[in-house]
Amino acid sequence: MQISLIYDQKYKNRQIRLPLKHQNNEDDLNMNPLKIIESFPHDFIFGTATSSYQIEGSSFGGCGRSHWDSFAQKPNATYKGQNGNIACNHIQYWEKDLDLVADAGFKAYRFSFSWPRLFIDGKTTRNNNGFSFYDRLIDGMLAREILPFSTLYHWDLPQNLADKGGWTNRDTCKWFADYTEAIMQRFGDRLHSVATINEPWCVSWLSHYLGHHAPGLRNLEAAVRSMHYILVAHSNATEVMRSYNQKNLGIVLNKEHMMPASNTDEDVEACKLSDEIYNLWFDEAIFKGQYPKKTLKLFHQYMPENFEIDLPQINRKIDWIGINYYTRSIIKADQYEPNTKFITVAGDLPKTDMGWEIFPAGLTKILTRQVESYSKTISIHITENGMASHDVLVNGSKVINDQDRIKYYQLHLEELKTLIDNKIPIKSYFAWSLLDNFEWAFGYNKTFGLVSVNYDTQIRTPKNSYYAFQRALKFL
Ligand code: GCO
């Protein structure tokens with residue numbers, strides 16, 4: 001669907017013309033399920049999010065090799081062996097993509113820097129193309145009055161560093177600090193906010209213990225080391241950024257509400273351990289300078305020597321916490337699981353195309369605990385929330401009527417509004433994702449986008465969820 005968008009020379013006075021079928025018909029607007037957006041505080045920020053490897057196209061622009069390029073080549077690691085070589089070719093189409101962000105009425109865009117695009121070897125070999133790409137991207141956001149919410153690491157570790165042990169090697173934390181410094185020097189003054197790490201649980205546990213993501217290890221020792229070193233990296237990067245007087249620093253944690261499969265002692269205890277590993281490990285360290293007890297007992301033999309010395313540093317101040325929320329988990333004790341003795345089992349709520357249960361009430365449970373137990377005084381950003389659904393193209397492939405996704409957004413936004421009314425300090429909300437993209441091990445088979453991408457032609461087609469946001473946001 002064509003959207004017309006007219007900018008004056010400086011991209012000011014943006015005019016948005018809505019596609020015909022969505023033009024101001026009052027009844028139609030009153031029926032917009034995302035109308036709740038209009039009742040959010042006037043300074044609340046709505047944005048949308050992506051990440052570098054998922055959209056850019058790692059074969060373009062002199063980008064170095066990352067461990068995701070390598071992982072995708074392993075047999076059965078990703079759906080049909082798919083990879084991020086081309087993805088949404090955002091390197092070429094970034095202007096179109098920023099127009100889509102602006103045209104929807106979003107005031108912020110959450111993106112990530114690709115480490116191997118800036119430093120091919122992760123250390124000293126600069127790729128000037130990469131630096132100028134992010135110059136253009138950030139300037140493009142500012143020109144469109146979109147706030148750049150940046151992330152330093154959204155999983156594309158340079159292969160050269162992966163070869164040296166990646167996140168199981170403490171040196172990676174030092175190289176991450178150097179990479180952070182280079183970003184500060186070049187881009188720092190134009191970034192609205194910086195998150196150090198996206199989803200440390202995924203970087204460590206999902207990737208080194210469950211083996212689902214690069215580097216695809218199933219090794220408790222590696223997992224434990226990475227669970228600590230990813231926090232050291234966060235701390236190092238934060239220290240560097242403070243020395244540059246960079247403002248608005250945070251980290252993005254993924255959270256799921258954990259429930260035991262039954263009331264038996266075994267399941268209840270299993271659920272507590274799962275909750276610690278998934279939800280509390282990072283909060284306890286960042287906000288209290290300690291690790292949760294049950295987990296530490298399980299991890300202790302593999303913790304790096306003198307790990308305690310790092311904890312006061314990890315406990316340094318941050319300005320905001322980012323929460324990615326999608327679903328809940330149901331946990332069952334399982335004596336055959338060799339280390340943790342628990343497994344995740346399917347629940348009976350309606351599910352997204354990922355098989356994830358739709359459970360908006362989890363947001364309240366997660367955020368209430370977040371504020372009460374950890375981040376009492378700082379802002380919360382909902383840095384990701386959204387739904388994979390199997391999109392059906394109707395009407396000559398021009399209309400994607402993703403009502404389930406719209407409903408998902410509606411339910412979660414209603415939950416958030418109540419939390420805000422109850423004084424939970426939530427300052428922004430980012431829909432995941434702007435575009436259908438490379439959904440990691442699921443390749444291009446799972447689609448979270450507000451905008452569909454045809455990977456043969458790179459044509460972007462906004463879905464009805466996009467228009468639902470647009471219609472609500474243009475009133476703000
Ligand atoms: C994550 C990442 C995103 C995913 C999204 C859907 O949370 O896993 O931040 O890269 O694509 O969450 O799975």
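**Exercise 1. Determine how many residues of helix 16 are buried.**

Step 1. Helices are DSSP runs of H or I with at least four residues, numbered from the N terminus. Buried means under 20% relative accessible area (1.4 Å probe, protein chains only).

Step 2. Take the range. Helix 16 spans residues 464-473.

Step 3. Count. Ten of its ten residues are buried. Among them are Tyr466, Phe469 and Arg471.

This is a predicted model: local features need pLDDT of at least 70, side-chain atom pairs need 80 or more, and totals for chains, interfaces and linings use all residues. Residues are numbered from 1 along each chain as its sequence is written, and side-chain values use heavy atoms, without hydrogens or water.

**Exercise 2. Describe the largest nonpolar core.**

Step 1. Define it. A nonpolar core is a set of buried Ala, Val, Leu, Ile, Met, Phe, Trp, Tyr and Cys residues joined through side-chain atoms within 4.5 Å.

Step 2. Size it. The largest has 127 residues, and Phe113, Leu367 and Phe469 have the most contacts inside it. Helix 10 (residues 220-243) gives the most, with eleven residues.

Step 3. Inspect Leu367. Beyond neighbours within four places in sequence, Leu367 is in contact (heavy atoms within 4.5 Å) with residues including Ile323, Ile380 and Leu416.

Methods:
Buried < 20%, exposed > 50% of the residue type's maximum accessible area, 1.4 Å probe, protein only. Helix = DSSP H or I, 4+ residues; strand = E, 2+ residues; numbered from the N terminus.
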